[in-house]
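Visitor: I have a model open here and a few things to ask about it. Can we go through the packing?
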Amino acid sequence: MERPGGKITGQNRPGGLIRYWAPTAFYVVLIMVMAARPAPNLPHVTHIDKYFHSLAYGVLAFLSYRSFAGTGFRHAAVMTLILGTLVGMADEGIQFLGRNRDASRYDLMADVIGVIIGTLAVVWCKG
């Protein structure tokens, strides 16, 4: 369906902004809530927490790329990388300021690696 001004995108479609951004916003809030809670008991596998960090931020990359691309951002991949890195920094900042967890630059590196891999996977699958 064409409008006189051009193609209808998620940005100018009624409810499009909420449809694309609500899952991403919910997931970011979930990450922040988990950052403020005590660390979960994980199986004793070397660096398993880093794998979970990368996986969680890979999911964030998928959701945020969908949000940026769906609402008309031209450089969705770049914006996804920036948002993911900022969320990772906020996550570690919450842990640094809190009493329940310890901040780690290695966790932040795992977050960024997860965002990079997730973004590359989405871009590659998109074609």
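Visitor: Leaving aside its neighbours within four places in sequence, what is Ser64 in contact with?
Guide: Ser64 touches Thr24, Thr80 and Leu83, where contact means heavy atoms within 4.5 Å. This is a predicted model, where local features need pLDDT of at least 70 and side-chain atom pairs count only at pLDDT 80 or more, while totals for chains, interfaces and linings use all residues. Residues are numbered from 1 along each chain as its sequence is written, and side-chain values use heavy atoms, with hydrogens and water left out.

Visitor: Is Ser64 buried or exposed?
Guide: Buried, at a relative accessible area of 0%; buried means under 20%, exposed over 50% and partly exposed in between, with a 1.4 Å probe and protein chains only.

Visitor: And which helix is Ser64 in?
Guide: Ser64 belongs to helix 2.

Visitor: Next topic. At what angle do helix 2 and helix 4 pack?
Guide: About 40°, with the axes of helix 2 (residues 48-70) and helix 4 (residues 105-126) 7 Å apart. That angle makes helix 2 oblique to helix 4; under 35 degrees counts as roughly parallel, over 145 as roughly antiparallel, 65 to 115 as roughly perpendicular and the rest as oblique.

Visitor: What residue classes are in the contact of helix 2 with helix 4?
Guide: There are 10 nonpolar, six polar and five charged residues. Ala, Val, Leu, Ile, Met, Phe, Trp, Tyr, Cys and Pro count as nonpolar, Asp, Glu, Lys and Arg as charged, and the others, Gly among them, as polar.

Visitor: How do helix 1 and helix 3 lie to each other?
Guide: Roughly parallel.

Key: Axes fitted to C-alpha atoms, helices over the stretch in contact; angles between N-to-C directions. Helix = DSSP H or I, 4+ residues; strand = E, 2+ residues; numbered from the N terminus.
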